[in-house]
Amino acid sequence: MSAEPTPRREVVTGEPRRVRPLPRYRTQSEIDEQTALGGAYVRSLMRGQLRAGLTAFAVLAAVVGTLPLVFEALHSSAVVWAVLGFAAYPPLTVLAWWYVRRAERNESDFARLVEGRSAP
């Protein structure tokens with residue numbers, strides 16, 4: 001009987017080839033091309049910013065709207081000037097700080113959505 005030679009195995013020791021990843025669905029291109037989905041993303045950001053602005057405005061209106069009633073009840077011009085000169089600024093500063101913090105959080109959430117990163 002004739003012995004057939006067994007096929008010789010070749011071992012390749014080169015660098016492994018990388019498969020190109022499929023292009024991911026890019027949110028940023030959706031926004032740049034102004035598609036319906038991109039518009040929905042931008043509307044979501046604008047809605048969040050509007051909600052923060054209206055909340056800050058409502059708090060400001062409630063505080064400023066009640067000041068004339070407080071002043072009428074006090075009947076003292078010295079207290080009125082003290083409230084207007086000193087006591088009004090800390091709540092306004094806290095309100096402004098909250099609004100800026102909320103607006104930046106909305107923008108960072110939007111940027112994370114556009115870049116495809118997960119929530120921290």
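Modeller: A salt bridge is a side-chain nitrogen of Lys or Arg within 4 Å of a carboxyl oxygen of Asp or Glu. This is a predicted model, in which local features need pLDDT of at least 70, side-chain atom pairs count only at pLDDT 80 or more, and totals for chains, interfaces and linings use all residues. Residues are numbered from 1 along each chain as its sequence is written, and side-chain values use heavy atoms, with hydrogens and water left out.

Biologist: What makes Asp 109 and Arg 112 a salt bridge?

Modeller: The closest N and O atoms of Asp 109 and Arg 112 are 3.0 Å apart. The limit is 4 Å, so the pair qualifies. The count by this rule is one salt bridge.

Biologist: How do you know that the side chains of Arg 112 and Asp 109 also make a polar contact?

Modeller: A polar contact needs a pair of N or O atoms within 3.5 Å; within protein, one must be able to donate a hydrogen and the other to accept it, and residues adjacent in sequence count only if both atoms are side-chain atoms. The side chains of Arg 112 and Asp 109 meet that rule at 3.0 Å.

Biologist: Where do Asp 109 and Arg 112 lie, and how many residues apart?

Modeller: Both are in helix H4, three residues apart, about one turn of the helix. Helix H4 covers residues 89–115. Helices (H or I, at least four residues) and strands (E, at least two) are DSSP runs, numbered from the N terminus.

Biologist: Why is Arg 112 called buried?

Modeller: Buried means under 20% relative accessible area, exposed over 50%, partly exposed in between (1.4 Å probe, protein chains only). Arg 112 has 18%, so it is buried.

Biologist: How do you know that the span of helix H2 is close to the expected one?

Modeller: The expected span is 1.5 Å times one less than the number of residues. H2 (residues 36–74) has 39 residues, for which 57 Å is expected. From its first C-alpha to its last, H2 reaches 56 Å.

Biologist: Where is the kink in H2?

Modeller: The kink is at Leu 67, shortly before the proline Pro 68, and is about 30°. That bend is the angle between axes fitted to the seven residues ending at a residue and the seven starting there. Leu 67 is one of the buried residues of H2.

Biologist: What makes the phi of His 75 stand out?

Modeller: Most residues other than glycine have a negative phi. His 75 is not a glycine, yet its phi is positive, about 55°. His 75 sits in the loop between H2 and helix H3 (77–87). At 64% relative accessible area, His 75 is exposed.

Biologist: Which residues make the nonpolar surface patch?

Modeller: Val 94, Trp 97, Trp 98, Tyr 99 and Val 100 make the patch, which is about 490 Å². Patch residues have over 30% relative accessible area and no salt bridge; like charges are joined within 9 Å, nonpolar side chains (Val, Leu, Ile, Met, Phe, Trp, Tyr) within 5 Å. Trp 98, in helix H4, has 31% and is thus partly exposed.

Biologist: Why is Ala 96 called partly exposed?

Modeller: Ala 96 has 42% relative accessibility, so it falls in the partly exposed range. Ala 96 also lies in helix H4. Its C-alpha is 34 Å from that of Ala 36, 60 residues apart along the chain.

Biologist: What about Pro 7: buried or exposed?

Modeller: At 73% relative accessibility, Pro 7 counts as exposed. Pro 7 is in the segment before helix H1 (27–32). Pro 7 and Thr 93 are 82 Å apart, C-alpha to C-alpha, and 86 residues apart in sequence.

Terms used. Areas by Shrake-Rupley, 256 points an atom, 1.4 Å probe, with all protein chains shown as cover.
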